[in-house]
Amino acid sequence: MDHDGQLQLYTAVAVRLKEAHTRVRALQVPEGVRMALTRKLLVITAAAKHDLAGAARRLERFIADLDEGRFPDEDG
């Protein structure tokens, strides 16, 4: 991927991660569920440092799960 494309993807992932964190904070769910969702976002954030394209795909799946109301159990 060229430098401009990489930068655009990085920016898009950063914006989507911020949006996802905001959505998770606003959810009316038990604290354990919120913590599990936050952990998933932190894992995606860490993955972005090594595999930006893979992290972008994982983030899109995460957001799709949020959109569909699919949340993890309180214990993760």
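**Note on a predicted three-helix model**

1. The buried residues of helix 2 pack against helix 1 and helix 3. In helix 2 the buried residues are Gly32, Val33, Arg34, Ala36, Leu37, Leu41, Ile44, Ala47 and Ala48.

2. Now the overall plan. The protein has 3 helices and 0 strands. Along the sequence the pattern reads α-α-α. The C-alpha trace spans about 45 × 20 × 15 Å along its principal axes. The protein has 76 residues, and 32% of them count as buried. Take the contacts between residues at least 6 apart in sequence: 66% of these join residues at least 24 apart.

3. Next, the length of helix 2, residues 31-48. It has 18 residues, which should span 26 Å at 1.5 Å a residue. The end C-alpha atoms of helix 2 are 26 Å apart, so the span agrees with that expectation.

4. Helix 3 covers residues 52-68. It holds 17 residues and reaches 24 Å from its first C-alpha to its last. That is close to the 24 Å expected at 1.5 Å a residue. Gly69 follows helix 3, and its phi is positive, near 75°.

5. Which residues of helix 3 are buried? They are Leu52, Gly54, Ala55, Ala56, Leu59, Phe62, Ile63 and Leu66. What covers them includes helix 1 and helix 2.

6. The helix pairs come next. Two packed helices are described by the angle between their axes and the distance between the axes. Each pair is taken in turn below.

7. Helix 1 (residues 3-26) and helix 3 have axes that come within 10 Å and cross at roughly 30°. An angle under 35 degrees counts as roughly parallel, and helix 1 and helix 3 are therefore roughly parallel to each other. Helix 1 passes helix 3 in a left-handed crossing. On the helix 1 side, the contact is made by Gln6, Leu9, Tyr10, Val13, Arg16, Leu17, Ala20, Arg23 and Val24. Helix 3 brings Leu52, Ala53, Ala56, Leu59, Glu60, Phe62, Ile63, Leu66 and Asp67. By class, this contact of helix 1 with helix 3 has 13 nonpolar, 1 polar and 4 charged residues.

8. Helix 1 and helix 2 pack at an angle of about 170°, with their axes 10 Å apart. That makes helix 1 roughly antiparallel to helix 2. Leu17, Ala20, His21, Val24 and Arg25 of helix 1 meet Arg34, Leu37, Thr38, Leu41, Ile44 and Thr45 of helix 2. The residues of this contact of helix 1 with helix 2 divide into 6 nonpolar, 3 polar and 2 charged.

9. How do helix 2 and helix 3 run, and at what angle do their axes cross? Their axes come within 8 Å and cross at roughly 160°. The cut-off for roughly antiparallel is over 145 degrees, and helix 2 and helix 3 are therefore roughly antiparallel to each other. Helix 2 passes helix 3 in a left-handed crossing. Helix 2 makes the contact with Leu37, Lys40, Leu41, Val43, Ile44, Ala47 and Ala48. Helix 3 makes it with Leu52, Ala55, Arg58, Leu59, Phe62 and Leu66. The class count for helix 2 with helix 3 is 11 nonpolar, no polar and 2 charged residues.

10. Ala14 lies in helix 1. Is Ala14 buried or partly exposed? Its relative accessibility is 34%, so Ala14 counts as partly exposed. Ala14 and Thr45 are 31 residues apart in sequence, and their C-alpha atoms are 8.6 Å apart in space.

11. Glu19 is also placed in helix 1. At 37% relative accessibility, Glu19 counts as partly exposed. From Glu19 to Gln8 is 11 residues in sequence and 17 Å in space, C-alpha to C-alpha.

Technical notes: Residues are numbered from 1 along each chain as its sequence is written. This is a predicted model: local features need pLDDT of at least 70, side-chain atom pairs count only at pLDDT 80 or more; totals for chains, interfaces and linings use all residues. Side-chain values use heavy atoms; hydrogens and water are left out. Axes are lines fitted to C-alpha atoms, for helices over the stretch in contact, and angles run from 0 to 180 degrees between N-to-C directions. Helices (H or I, at least four residues) and strands (E, at least two) are DSSP runs, numbered from the N terminus. Angles under 35 degrees count as roughly parallel, over 145 as roughly antiparallel, 65 to 115 as roughly perpendicular and the rest as oblique. A crossing is left-handed if the near helix is turned anticlockwise from the far one by less than a right angle, and right-handed if clockwise. Contact means heavy atoms within 4.5 Å. Ala, Val, Leu, Ile, Met, Phe, Trp, Tyr, Cys and Pro count as nonpolar, Asp, Glu, Lys and Arg as charged, and the others, Gly among them, as polar. The expected span of a helix is 1.5 Å times one less than its number of residues. Buried means under 20% relative accessible area, exposed over 50%, partly exposed in between (1.4 Å probe, protein chains only).
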